[in-house]
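I am opening this entry to record what I looked up in the structure. Values and cut-offs go in as I used them.

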4 protein chains.
Amino acid sequence: GQPLVVIAGPCVVEALDICRRIAETVQAACAELGLSYIFKASFDKANRTSIDSYRGQGMDEGLALLARIREEFGCPVLTDVHEPDQCALAAEVVDVLQIPAFLCRQTDLLVAAAATGQPVNVKKGQFLAPEDMASVIKKLASTGNERIALTERGASFGYHNLVVDMRSLVIMRELGCPVIFDATHAVQLPGGRGTSSGGNREFVAPLARAAAATGIDGLFLETHPEPEKALSDGANSLRLDDVQTLLAKIKEIHGLVS
Amino acid sequence: GQPLVVIAGPCVVEALDICRRIAETVQAACAELGLSYIFKASFDKANRTSIDSYRGQGMDEGLALLARIREEFGCPVLTDVHEPDQCALAAEVVDVLQIPAFLCRQTDLLVAAAATGQPVNVKKGQFLAPEDMASVIKKLASTGNERIALTERGASFGYHNLVVDMRSLVIMRELGCPVIFDATHAVQLPGGRGTSSGGNREFVAPLARAAAATGIDGLFLETHPEPEKALSDGANSLRLDDVQTLLAKIKEIHGLVS
Amino acid sequence: GQPLVVIAGPCVVEALDICRRIAETVQAACAELGLSYIFKASFDKANRTSIDSYRGQGMDEGLALLARIREEFGCPVLTDVHEPDQCALAAEVVDVLQIPAFLCRQTDLLVAAAATGQPVNVKKGQFLAPEDMASVIKKLASTGNERIALTERGASFGYHNLVVDMRSLVIMRELGCPVIFDATHAVQLPGGRGTSSGGNREFVAPLARAAAATGIDGLFLETHPEPEKALSDGANSLRLDDVQTLLAKIKEIHGLVS
Amino acid sequence: GQPLVVIAGPCVVEALDICRRIAETVQAACAELGLSYIFKASFDKANRTSIDSYRGQGMDEGLALLARIREEFGCPVLTDVHEPDQCALAAEVVDVLQIPAFLCRQTDLLVAAAATGQPVNVKKGQFLAPEDMASVIKKLASTGNERIALTERGASFGYHNLVVDMRSLVIMRELGCPVIFDATHAVQLPGGRGTSSGGNREFVAPLARAAAATGIDGLFLETHPEPEKALSDGANSLRLDDVQTLLAKIKEIHGLVS
């Protein structure tokens, strides 16, 4: 089978030295374990809970930093896009475009992303059944671009809580695309802190193991050397020091089921 | 108290004569009952389930039709916007801008809509707790525009189903904004028909009555003379012939609780 | 149509004078409004969250108190049963047997209750779709007893929360039985306080109004002169002083829709 | 660590030769893999969806058959109890008493089961948060019996559907008890077939693998040589021929994480 893909980075674009530290650590772990590594960072967090939260450095600076990481480390990079206009510009720099979960039904955005010809990774909306991603695939594939991946990041489960339905990984794989498990957004508690989202980092590792045992093609992780100082989503980011141990375990489990 | 506001129209912009028939019928019912009427239609359905579904006539034609209805009937009109760029243009024509539920956390869209100075009606995301709309209000109000309404249209309840939590109407009213109940989207069954969404028109009236008894400031309805022929969302649209009877009952209930 | 039935009392059997005060107040309100009154109290709370919680006075004392209220006030009384053996004994004293929500699928209990020939009120399980109550009705009716009522008390909505799906009232009425809305259990927050269940009394009135506007045959309420001192479920009990006002409003709404 | 426990058998007590075939096959697989085997069968299905469904042979015959399997195969046996009176009688024959999910809050049943001194396995209710099982443990432990296991079998997720929240395995283990994953009830679709429950056998294996990777102490399975002919729950029973392969994989995954 294919080697497992690891998509990992800070939530939002952070200072260059932090991005470098993350890329270096995860790339080394992936190299040792024989996994494929893609660096991720968002140039803009367009849907933060609060208007006072940090959103990122803006598109130009963000893409510049992604280009730099790409060049320095020789690894592919991924970022998410929020409006059709951003797709072509981002696609000049990054290797994979990502569609955020809330936007997974926006036809124009999907079509603009796919029309760039770059691979597109779509996060399944928290409000969507896994089989409904078939319509999302059809929208993307209408452009002729069939390099599509689907990502599970949890489904709405009452208020302020998400649940990962592991059946969704099976169902989405049957749609014919590689399936990624986003282990850090899956443990978010939306709005759980009043004016921001909470999270339970302790569940990242067991959920990632469970997903790997169900059967996945890739693992998505947000990580930070000091999550408590992260500019976004610290509560659910994995501590950078813990990435190597987790990836080693995931690789073993993946080896058993693929 | 204030008279109840009724926001009603076809789902998507339909042929002019159908729009006229709807506006005429609902306006007459509202006039008779002493309710405020706002005509609604979407110039674009940017997140239809399937890429093959009808999306609308496009922005220019759609806004032109809304302007015409506005002029002919002398009633305010509402439409929804999906990208920041659309807000200023739409605000020149319509009296109220509406933010779709999936997009209710997109900061740029919210800010662009509010910055037009026009009233903004935000549909609460199916993935959001009602108290989390406080952050949405804050984003809008950061522009200085405080003419904000919030709309309940159901919360995710497992797959392919929505539930209306009537507590949300109480909670959102406590946030200080008028609260609208969207009785026709609330009965949608997302993805319930495989490649399109289903709906249960039979529940529109009982849910609208329940919401009115809980306490609301407005009622949102999609209606069509022949819902089975509607270009979008026919399964959950109210039959135009049934609008008058429903509004009369809603008015009575509203009178008892306000 | 039939007058609305009001089933109200303390959660668990309390001291005689408290039961009397409740019966007297609610009976007077119902008499004034032309509503039917049934006194309710549980002789045993067989499924309290914590083993340290008060469970009641036991069956003998509990039934004796119910008999006394019945005699003194001349009103029918209702209690819930938890095991098949209890049904015949309880049926000698009370006018309606009630099946708790968690037990609504226990075939032997349903059959034993219906076999007494007394009317049976079944609370819909928090885990059950409303249409699935058809199978519950069939179990009861297999005894030849068709005096059956169904009660909505909320559905599981993630953890520690219930949502009232007002569609369930419509669906259960279509099954051919009178439908009751339990306005105080519907606002429970299961396990919400760690070792006991919490509740939000403030939603009792709006949810009761919503249910009445949807269409119901009866309203179930737990009430207490001083809910903060109630031996069980105080957080969601309605203050006795507020019962008359609520019933007056419910009656008006009920009148509009029946 | 401890070897993984496998609790497996038919749903309800079937003909002796079918029970023998199941016990023989699973016992052999467990012996080969170094797993502990417990045979399970229910003498009575007290909460079948429909009153017309097969319920079992009754307590006397059912316990007699369990005793016979126990003697012939030398393996411990488990059955579930539904009323306090049944506990002492069942405990004379079986090695583990099991509390059904709907009944997991019934204090008298829990106490009667634990008071027998036999180990008690409680299935977490579909309506309960995992941390709320702490109160269940306290009820059992109030008898002095601390041989308690907790089983995950899915949580209500809208209507007619269950979702397995893998976090619950972590949370319940932190309560200090061994945790079992019930892989076949977890794939039930409650009421999914109108007058009976449906199920999706295809998800048994991936969910069992996921649970094992999360971390469990035991696996619960219902199995049948010909599930389509099973007297109960055939739609979600695992084919007996598939048990060995699944257990081998589960053992490997369990070995990686314990």
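I took helices (H or I, at least four residues) and strands (E, at least two) as DSSP runs, numbered from the N terminus. I took axes as lines fitted to C-alpha atoms, for helices over the stretch in contact, with angles running from 0 to 180 degrees between N-to-C directions.

The model is predicted, so local features need pLDDT of at least 70 and side-chain atom pairs count only at pLDDT 80 or more, while totals for chains, interfaces and linings use all residues. Residues are numbered from 1 along each chain as its sequence is written, chains are lettered from A and ligands numbered from 1 in the order in which they are written, and side-chain values use heavy atoms, with hydrogens and water left out.

Helix pair. I looked up helix 7 (residues 204-214) of chain B against helix 7 (residues 204-214) of chain C, and their axes lie 7 Å apart at an angle of about 145°. On the B side the contact (heavy atoms within 4.5 Å) is made by B:Pro206, B:Arg209, B:Ala210, B:Ala213 and B:Thr214, and on the C side by C:Pro206, C:Arg209, C:Ala210, C:Ala213 and C:Thr214.

Cysteines. How many disulfides are there over all chains? With a disulfide taken as a pair of cysteine sulfur atoms within 2.5 Å, I count zero. For C:Cys177 the nearest cysteine sulfur, that of C:Cys104, is 13 Å away. C:Cys177 is buried (under 20% relative accessible area; exposed is over 50%, partly exposed in between; 1.4 Å probe, protein chains only), at 9% relative accessibility. The sulfur of D:Cys30 is 9.5 Å from the closest one, in D:Cys75, too far for a bond. D:Cys30 is also buried, at 1%.

D:Ile51. I found D:Ile51 in the loop between strand 2 (36-40) and helix 2 (59-73) of chain D. D:Ile51 is partly exposed, with 25% relative accessible area. Leaving out residues up to four places away in sequence, D:Ile51 touches C:Thr107, C:Val111, C:Lys138, C:Lys139 and C:Ser142.
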